[in-house]
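Here is a colleague's note on this protein. Please read it with the structure open beside you.

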Amino acid sequence: MEGGQDIGGDNSSSQSVVAVPIPQEESLYYLFTTESASGGSNQVKFSLVDIKGENPVG
C-alpha cells in the first residue's frame with residue numbers, strides 16, 4: 001500500500017490492527033494499530049485509508 005511504511009502494527013501483538021469502516025463511505029476505513037515504543041511503552045496509532053486510492057475501479 002502506497003504510504004503505508006509508518007502505519008504501525010506489531011507481529012507480537014494479540015491484535016495488531018483493527019479496521020473500522022466509515023459509515024456511508026464504501027472505500028474509507030480507519031486502521032487502528034498498536035506497537036511497542038522505546039522505553040517499554042506502547043503506542044496506538046490511527047490512519048485513514050482509501051482502499052480505492054491506487055485503483056479507482058476497485
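Predicted model: local features only at pLDDT ≥ 70, side-chain atom pairs only at ≥ 80, totals over all residues.

1. Overall fold. The protein has zero helices and three strands. Read from the N terminus, the order of elements is β-β-β. The strands concerned are β1 (17-21), β2 (residues 28-36) and β3 (residues 42-50).

2. Burial and surface. The protein has 58 residues, and 17% of them are buried. Its accessible surface comes to about 4600 Å². Carbon and sulfur atoms hold 49% of that surface.

3. Aromatic pairs. How many aromatic pairs does the structure hold? There are three. One of them is Y30 with F46, and its geometry is edge-to-face. The ring centres are 6.1 Å apart, with 65 degrees between the planes. The angle is over 60 degrees, so the pair counts as edge-to-face. This pair links distant parts of the chain: Y30 sits in strand β2 and F46 in strand β3, 16 residues apart.

4. Exposure of that pair. Y30 is partly exposed, at a relative accessible area of 33%. F46 counts as exposed, with 56% relative accessibility. The cut-off for exposed is over 50%, so F46 passes it.

5. A second pair on F46. F32 and F46 also form an aromatic pair, this one tilted. The distance is 6.3 Å centre to centre, and the planes are 40 degrees apart. F32 lies in strand β2 and F46 in strand β3, so the pair ties together parts that are 14 residues apart in sequence. F32 is partly exposed, with a relative accessible area of 36%.

6. Aromatic cluster. Which residues make up the aromatic cluster? Y30, F32 and F46 form one cluster.

7. Strands β1, β2 and β3 are the elements that give two or more residues to the patch. Which strand gives the most? Strand β3 does, with three residues.

8. V18. V18 is partly exposed, with a relative accessible area of 37%. Patch members need over 30% relative accessible area, so V18 clears that cut-off.

9. V44. Is V44 buried or exposed? Its relative accessibility is 63%, so V44 counts as exposed. Leaving aside neighbours within four places in sequence, V44 is in contact with T33 and T34. T33 is 11 residues from V44 along the chain, yet the C-alpha atoms of the two are separated by 5.6 Å.

10. Where to look. Start at F46, which pairs with Y30 and with F32.

Terms used. Residues numbered from 1 in each chain as written. Heavy atoms only, no water. Helix = DSSP H or I, 4+ residues; strand = E, 2+ residues; numbered from the N terminus. Buried < 20%, exposed > 50% of the residue type's maximum accessible area, 1.4 Å probe, protein only. Contact = heavy atoms within 4.5 Å. Phe/Tyr/Trp six-rings, centres within 6.5 Å; stacked < 30°, edge-to-face > 60°. Areas by Shrake-Rupley, 256 points an atom, 1.4 Å probe, with all protein chains shown as cover.
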